[in-house]
Amino acid sequence: MANSFKTIAAFLHTGQNNTSKFFSYVGLGIGVLLLLTSLQLYIDINQLLKDKNPRKNGYDFISITKEITDQNMGNDNRFSVADVEDMKKQPFIKDATALISNQFRAKASAGKIIPFSTDLFLESVKNDFIDTVPPSFSWQPGQQDVPIIFSADFLEMYNVFAPAQDLPQLSASSIAAINITLECYGPAGIQNFTGHIVAVSDRINSVLVPENFLQWANQSFGNALSTPASRVYLKTIDANNPDLLTYLQQKKYHVNKDKTKFGRVKQVLQAVVSGLGGFAILVILLAMMLFSFYLQLMIARSKDNLQLLITLGYSPDWLSKVVAKKWIVAYAIIIVSALLLTGLIQYLFQHFSLNGKDELSPYLHSSVTLLAVFLLILSIAVNYRLIKKSLASL
Amino acid sequence: MTINIVNVIPVFLEKEKIETSAIWNKRVAFNKGEKLQIIAPSGSGKTSLIHFIYGMRKDYQGEIVFGEKNIGTFSAEQFAQLRQNTLSIIFQDLKLFPEQTVFKNLEIKRTLHPFQSESQIVEMAAKLGIENKLNRLVKTCSYGEQQRIAIIRALQQPFDFLVMDEPFSHLDENNRKIAAELIEVEAAKRKAGLILADLKRVEYFNADRILHL
């Protein structure tokens, strides 16, 4: 049968109930635009917030402490070995290690050039967990010289108050040249070491010394064989993993908010965008329902003519296909327009809001295009089935 | 090709009407190329028989077999194929699209499986005296004119059989003659069989066989 819709157009009452057809088109357009935009936004959020944590070899490192509240502030809020072991068992935690702190009094002074001295705390952690480990960061028993890794944040704080104290401001590279006298107080008196800052760490807010030095020093000056840790360092694939955040929340572990705040922002944004996507699906469903009412009404009003066409020898299957095809162009125009508009929004967002930064592509993600194609196929299939069903029931 | 009516009994028909019939509850064959007239008084199930053969109703017992195929088991798609290629019809109640023009009514059948050219529609309309009505809406035509439209429409497709239910009931003698001739010529072109059902013997229709329903 070489006939087209044109042949039978005069026998169908397509021109009636145009308002519901128009609103279903508008609804479909808005729904598809919302859904495609939500998916693109979801992908953008993942892309933009992926690299907001200091990472090393593909892992995030975050430090946690136990939450100190008014109720538990008198207790020992340090981590036991069992606590750390439990963390290691979690699938989303790749490794966990306690930060050992000094169990004796330690004091640092910088000699005559920088007349500054302070009591300080020392900590040590496995080298794996430190972002910058120079080869000189090691200590042998009997060695007078102790390498130190210093927090970049502390250096920044020092540089803030140094001018007011008539102290010189220091750069990250010049700090290595300063000889620090490290005084360790023990029961047998004070022992002095020479400290050298060998690296500055962005990741760990602490004064780090080699692990074997602190173990030796804790035994020698603090008489402590093993010490519970106040801080634990976690190695994880994604510090923003919702499972990890839930675990930490349940255990009432406090996490450095700077390191995970993007995770929380990401969670909230993803929830908002998912909600928007859900709403979009609802709008699409309503639009398709409205269109199905239009189709059913059109078929009901053309019932006599359609029945007579079938009586004359027109195939119900062919009629369904031809009638369904009639709206493919309208559906394709709506969905392709929504896709192009989503593409334009993405381009403008990347171009103006992010000033064309490379971290986000100005083009649509392939899954957005695939979703548009899927929606087009779905709507055509739904319409075809509906028309076929309606014609079969004539 | 043969249409076999095998022990067909309409479920609604009275017993005595079945017993006296030459078709109901009998085995009857309608052959391609044959001209058959069925004479059926009112209420004997004439229109029902035409509708059974055309597949519009299934409220009968027995079998109607086209060639080797029992049409009682046909799907809507199979009926569509049958009506496009093998079987044409002139309904007693004409079944035209009243809101469409005469031409559109003929063209919708012709385009389904074109056997005639568009110009042949005009020729046939001229023969039957409705050439000047082609662009008028069917609902504005007289019943006699509408009957001629239905006859021309039935001749737009290829067929092995043409079934007709009182096709000339509203035609004057002249038009009856012309219409019967036209139908016979078109049937001869297709080597088709004609089955005409009417209340009485129809003049100008040269039946090879007459059956009383």
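A contact here means heavy atoms within 4.5 Å. On that basis, 74% of the contacts in chain B with a separation of 6 or more come from residues 24 or more positions apart. The model is a predicted one, in which local features need pLDDT of at least 70, side-chain atom pairs count only at pLDDT 80 or more, and totals for chains, interfaces and linings use all residues. Residues are numbered from 1 along each chain as its sequence is written, chains are lettered from A and ligands numbered from 1 in the order in which they are written, and side-chain values use heavy atoms, with hydrogens and water left out.

As for overall shape, the C-alpha trace of chain B spans about 50 × 35 × 30 Å along its principal axes. Its radius of gyration (taken over C-alpha atoms) is 17 Å, which agrees with the value near 17 Å for a compact globule of 213 residues; that rule is 2.2 Å times the number of residues to the power 0.38. Buried residues (under 20% relative accessible area, 1.4 Å probe, protein chains only) make up 55% of the 213.

Chain B has 7 helices and 9 strands, taken as DSSP runs (H or I, at least four residues, for helices; E, at least two, for strands) and numbered from the N terminus. Four of the strands build an open antiparallel sheet in the order β2-β1-β4-β5. Here β2 (27-31) and β5 (69-70) of chain B are at the edges with a single partner strand each, so one side of each has no neighbour in the sheet. Pairing takes at least two DSSP bridges between two strands; β1 (residues 2-10) and β4 (residues 60-66) of chain B have 6, in the antiparallel sense. Within this pair, B:Val6 is bridged to B:Glu63 of β4(B).

Technical notes. Buried means under 20% relative accessible area, exposed over 50%, partly exposed in between (1.4 Å probe, protein chains only).
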